[in-house]
Amino acid sequence: MPDSGPHHDPAREEAADGPPAEGLRSAAAPVLAARQGGDPVKALLHRHRALCERAVDPLEIAAALEAHGVTDRIAASFRHRDVFSLAEELYARTPRSDDEHLAHPRATGTGHPGRGSDGDPHTSSRPVPGTGTRPLRSDRAREGAQPADRPPVRGPHGSAGPRGAAAERAPEDGTGRPVPAEEIARRAGRPLVWAPLTLLPGAAVGLTLAGLAATTGPARFAVGAAGTVAAAGALAGCLRHGPLRAARRTRAAGPALVRALSAVRTPLWCIVLLGCLLLDAVPDHDLGLTWSLAALTAEPDRTGVPLHPLSVGAPATLLALALAVAPAAWCAHLFSVRARRGLAASRRLADFAAGARPLLLGAVALFTVLLAALTATTGTVLGDGPRGAALIGCLALGTLFFLARLLTAHGFARTAGSALFAACAAWTLALAAEQAARVPGLGRLDAPRRALADLCGPGAVTVLVCGAAALALLVRACALLTRASTHAVDWPAPAHAGG
Amino acid sequence: MRIGLLTEGGYPYAKGESALWCDRLVRGLAQHEYDVYALGRTPRQERAGRLPAAPAVRSVRTMALWTPAEDGPGNGRSYGRRERRRYVGCLAELAAGVCGDGPEHGGADAGNTFATGLYGLADLLRAHGAPPAALRSEAAVRALEAACRAPGARRGVRQATLRDHLAFSDWLERALRPLVPDWYGPDALGAADLCHAVSGGLAALPGLLAKRFFGVPLLLTEYGVHIRSHYLTTAGAPLSAPLRALLAAFHGRLATEVYRQAAVITHGNAHARRWQQRCGADPVRLRTIHPGLDAHRFAAVGEAGDTGDPYTLVWVGRAEPAKDLVGLLHAFAAVHREEPRARLRIVHAPPSPREPADYLAHCRTTATRLFPTRLFPTRLFPTWPGPGTGPMGQGAPAFPVTFEEVGGPSAPDRTGAYADGAVTVLSSVVEGFPAGLVEAMLCGRATVSTDVGAVVEVVGGTGLVVPPRNPQALAAACLALLRDPARRARLGAAARARALELFTVEQNLSAFHGLYLELMSRAPVRRDRDGTAADGTPLPFAHPAEAYLPGRWTGRLDRAPAPVPAGLGPPVGAGATSGTRPHRDTDSGGIGSGDA
């Protein structure tokens, strides 16, 4: 009716809910019920039991009754002034319990807001011998065809069945629906897509190292450059798909230049920190750039002296960190999936936080252990692994990267960036002090670093800086990532909920 | 007058509730200027495009409620410790208002708490912008949990778990988005003389704030009571009980506050009026404005004086169970026994995915069972069309019941269907505003209808009304009219006169025009800023004398709006997330007139 104006047609609204044939038939009964005398409302209550038990409000019952054709005139036959007061009586007379499993019927597999799965003979699969319950059951079976009144979850005997058990296992979202596994994995992406991707950085770095070992001269430089680009590309791919993907709400603001700078800021800190790890173990090193170039073009065979400017075991460290992208992705995936399950299972914010904290610590510990294993393996394979402070530094840096990415993936990019920046700044300060100490008269500037290096060996500064940053980030993550709102799934807006 | 038209999920989008009515309003009352503030509800709606811009619409600002939450540019920077604390406090108040028990259970001030929290948030968000997303969701969840566990929380929300709180806070974030945009500047809603919210609920939220910030009066039009439709739509939705309780509580509180603040609340019929009163609307401010139909389409039939086939009953509508066609068929069987020449034409809308044809098939079966024909049993003549195909009297045997589709060969439009019958029957058991009945009245046909919905209000004394679900009564009324042509004609003429008086587009528009003027006359005079000097003294000749003339004096020409094809309306802004897309129709009007 294009021209009929904004008519509000309850019948049409109701058509969305389901066929109201049952309601129409049932609402024809009041005259009969009123004639029976005694308690006319009881029959109505019986007929609309599911509706009344599901209702959260007398007004909801009133709306549903009106959609079923109950008018004020019919309400008058129940000795009520209007539908509202009739609905109020129905609401008040419907038994309700404040049990937990009643609030979430589908989690317990009953599919019925008002009845639990245990203790009620109607919901057990055993047939009930009592004749008194027969009419009730047939009545409900008739009503079963009416989706507006009752969710069609239970079988004909009301047993929870395998579907109910599945619903019990599956976590639920806020809307009471069980969350399918693919929905949980939706934000994290499909493992089939991102899992192979996470192996690419390790492969790129490994191939590059092999190529560097096999080539000399300019070819070696070309291999190194190509390998760096390939590894960076693979890493970028890993960070765009899967569980390490940054949350959408981390959007930079400001003009284009500022945005571009802020986009490259965090990778820059990461590169600096990586460089610091690879260079710091070298005793008495100069500024790093010349060393790196020399490392790429050096030909140790010709000079006889192994001119190896990088720290002991740098290739093994680099390879281990590249390979660790895969365990990082899996640990992050594990954490987010488990946290979301915990979200479904816990009742209060404090419960969730208490459950999520060990989960986070466990994920971080698992990652560190896996990284250590990878480092040991690469050290064995390449024959020159990092030891002592270098090994600890490698682990600290890897954990720092993991935590920073985990926070970014959950929408706390700024926190992660600040931690990385702080670590970077501390290390740059140490390097600057070391360089400044060469100026005559300023030798004392380097004293703390030298003392530390004397005490713990070379690489102690890296360990200290990265370890402190990782610890700080872990403390922060324990507060931020154990918030329930961090793990809320971005459901599409429920249009029917009025939003 | 500058009128801020507030919509949600309707106008200016082509798809949506009351979009056509709004379009008619802004075209019919073109002497006013409209600024449309629309909340978009679904992406599908945005994809479906907008209605062509009306000349009276100065600007259209939209905001999407369905996009996921995200931090806008520069947001959160201005949230220091004090603002954060204020934000958390206001949210806690809002949550306490939502979760608190109603006045009927001793929680008398929950509504006030809700309003305090809402306005506190509005003030804060207006001054400092949207808070950072992390604060937003976490604070909301904490506030909700605390409020649901506080003593005096309402019954349904006490069992709410974490996932309910998360889902509701996510929904709340969307619902409170209208607090944020820059609609509340002196050049936007601040400049409006009147806010006209065309539905309750979130659409009225900007109106509430405009009233609070600028004292703009709010006119609320609810053809469908928002809270009632909320209950009906969430009844079948797979939401958990505490979440539904929270949503219902929020809508209830919001409706109460909107009803309290609105200067005038209009509705289409007494049923809506009862709901509004139930939700706390002051009866003094309630006005009934019946929806209007375009009467010109029916003028030819209504004025013709032809009373149609004297033995034909007509039913027009959608074949739904709520229309009780089976009851109608039973009633007609009784009529047919008494009056064998009687015919029943059932003219139904084409079946849609929402209304599948199986009910129609069921009705056809019932008809075949009720009127078995001895001459042409279907068993022997399988090619016989049976009930429902083709108009009666075209070669086929005179089967007393025909099923025809609107737009089919036998019933090209509804007007013709009404014109062909002597009596129009309405047999519904559930009905809102019976538009089909009004159409029949405009055609000057006598009607027999069941007493449901707004039928009695519409028919008045110009038709027969019987109780619903009573085929005998329906049959008796139909027979009485079939046997009395004079009465039929009398009732038909009276019906047409009544419909022309009450249910035309013109009366609808003039009623709203009258309301606009009434509200303006009551609104306090707002002294223009350019009319006063810095020290507050009025400046002489700040406004030319023509400014006080009634009518338009700015020289707008009376030109027809540029014809815009329906599919080529202004493109839907892809970035309508928070964006306001001011759209000046004068540009398109200029192009159109340049072509002409």
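Biologist: Hi! What percentage of the residues in chain B are buried?
Modeller: Hello! In this predicted model, chain B has 596 residues, and buried ones make up 56% of them.

Biologist: Nice. And how many helices and strands are there in chain B?
Modeller: Chain B holds 20 helices and 13 strands.

Biologist: Let's pick two helices. At what angle do the axes of H17 and H18 of chain B cross?
Modeller: Helix H17 of chain B covers residues 471-482 and helix H18 of chain B covers residues 485-502; their axes cross at roughly 100° and come within 6 Å. Angles from 65 to 115 degrees count as roughly perpendicular, so that is the word for H17(B) and H18(B).

Biologist: Which residues meet there?
Modeller: From H17(B), B:Ala480, B:Leu481 and B:Leu482 meet B:Pro485, B:Arg487, B:Arg488 and B:Leu491 of H18(B). Sorted by class, this contact has five nonpolar residues, two charged ones and no polar ones.

Biologist: Over to chain A. Where is A:Arg49?
Modeller: A:Arg49 lies in helix H5 of chain A, which spans residues 49-54.

Biologist: Why is A:Arg49 called partly exposed?
Modeller: Because its relative accessible area is 23%, and the partly exposed class lies between under 20% for buried and over 50% for exposed.

Biologist: One more: how many Å separate the C-alpha atoms of A:Arg49 and A:Pro95?
Modeller: They are 9.8 Å apart, while 46 residues separate A:Arg49 and A:Pro95 along the chain.

Key: Residues numbered from 1 in each chain as written. Chains lettered and ligands numbered in written order. Predicted model: local features only at pLDDT ≥ 70, side-chain atom pairs only at ≥ 80, totals over all residues. Heavy atoms only, no water. Axes fitted to C-alpha atoms, helices over the stretch in contact; angles between N-to-C directions. Helix = DSSP H or I, 4+ residues; strand = E, 2+ residues; numbered from the N terminus. Parallel < 35°, antiparallel > 145°, perpendicular 65-115°, else oblique. Contact = heavy atoms within 4.5 Å. Nonpolar A, V, L, I, M, F, W, Y, C, P; charged D, E, K, R; others polar. Buried < 20%, exposed > 50% of the residue type's maximum accessible area, 1.4 Å probe, protein only.
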